[in-house]
Amino acid sequence: QVQLAESGGGLVQPGGSLRLSCAASGRIFRIYTMAWHRQAPGKQRELVASITSGGSLNYADSVKGRFIISRDNAKNTVYLQMNSLKSEDTAVYYCKIEHSSSGLVKTDYWGQGTQVTVSS
């Protein structure tokens, strides 16, 4: 089994910054894509950013130029640096990893979510 532990959420004023972290632990064999998703009240969960094992990046248009995703493979950790935060960034943020224990079948694992609130 693989467990994900998220941290770094909280309350921040518009224009401020936060850094989210998500560390994977347990029986880890190989992690492929790592990603952050978010879900605002009354809305569907959406992809914020992802990073492949090769370092390819993908961002939602709404966060391009403001958010930066990165990973530390030695620590099995993915980060999301969020700058110039806006009220519309308020949501529960979830990390997700794509993992395989065999190299053949991939399984998605989700974190428990961390609240980010942008408000003055």
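**Close-up 1. Ser-84 in the loop between E8 and strand E9.** Ser-84 is partly exposed, with a relative accessible area of 39%; partly exposed stands between buried (under 20% relative accessible area) and exposed (over 50%), using a 1.4 Å probe and protein chains only. The loop that holds Ser-84 runs between E8 and strand E9 (91-100); strands (E, at least two residues) are DSSP runs numbered from the N terminus. Phi of Ser-84 is near 50°, a positive value in a residue other than glycine. The model is predicted: local features need pLDDT of at least 70, side-chain atom pairs count only at pLDDT 80 or more, and totals for chains, interfaces and linings use all residues. Residues are numbered from 1 along each chain as its sequence is written, and side-chain values use heavy atoms, with hydrogens and water left out.

**Close-up 2. Asn-76 in the loop between strands E7 and E8.** Strand E7 covers 67-72 and strand E8 covers 77-82, with Asn-76 in the loop between them. The phi angle of Asn-76 is near 50°, which is positive although the residue is not glycine. Asn-76 is partly exposed, at a relative accessible area of 22%.

**Close-up 3. The open sheet of 4 strands.** The strand order is E1-E3-E8-E7, and the pairing is antiparallel; two strands pair if DSSP finds at least two bridges between them. Strand E1 (2-7) and E7 stand at the edges with a single partner strand each, so one side of each has no neighbour in the sheet. On average, neighbouring strands of this sheet are turned by 15° against each other, direction ignored; the axes are lines fitted to C-alpha atoms, and angles run from 0 to 180 degrees between N-to-C directions.

**Close-up 4. Strand E3 beside E1.** E1 pairs with strand E3 (residues 18-26) in the antiparallel sense over 6 bridges. Glu-6 stands opposite Cys-22 in E3. Ser-21 also belongs to strand E3 and is buried, with a relative accessible area of 17%. Leaving aside residues up to four places away in sequence, Ser-21 touches Ala-5, Glu-6, Ser-7, Trp-36, Val-78 and Tyr-79; contact means heavy atoms within 4.5 Å.

**Close-up 5. Ser-50 in strand E5.** Strand E5 spans residues 46-51 and includes Ser-50. Ser-50 is buried, with a relative accessible area of 12%. Its contacts, not counting residues up to four places away in sequence, are Thr-33, Met-34, Ala-35, Ser-56, Leu-57, Asn-58 and Ile-69.
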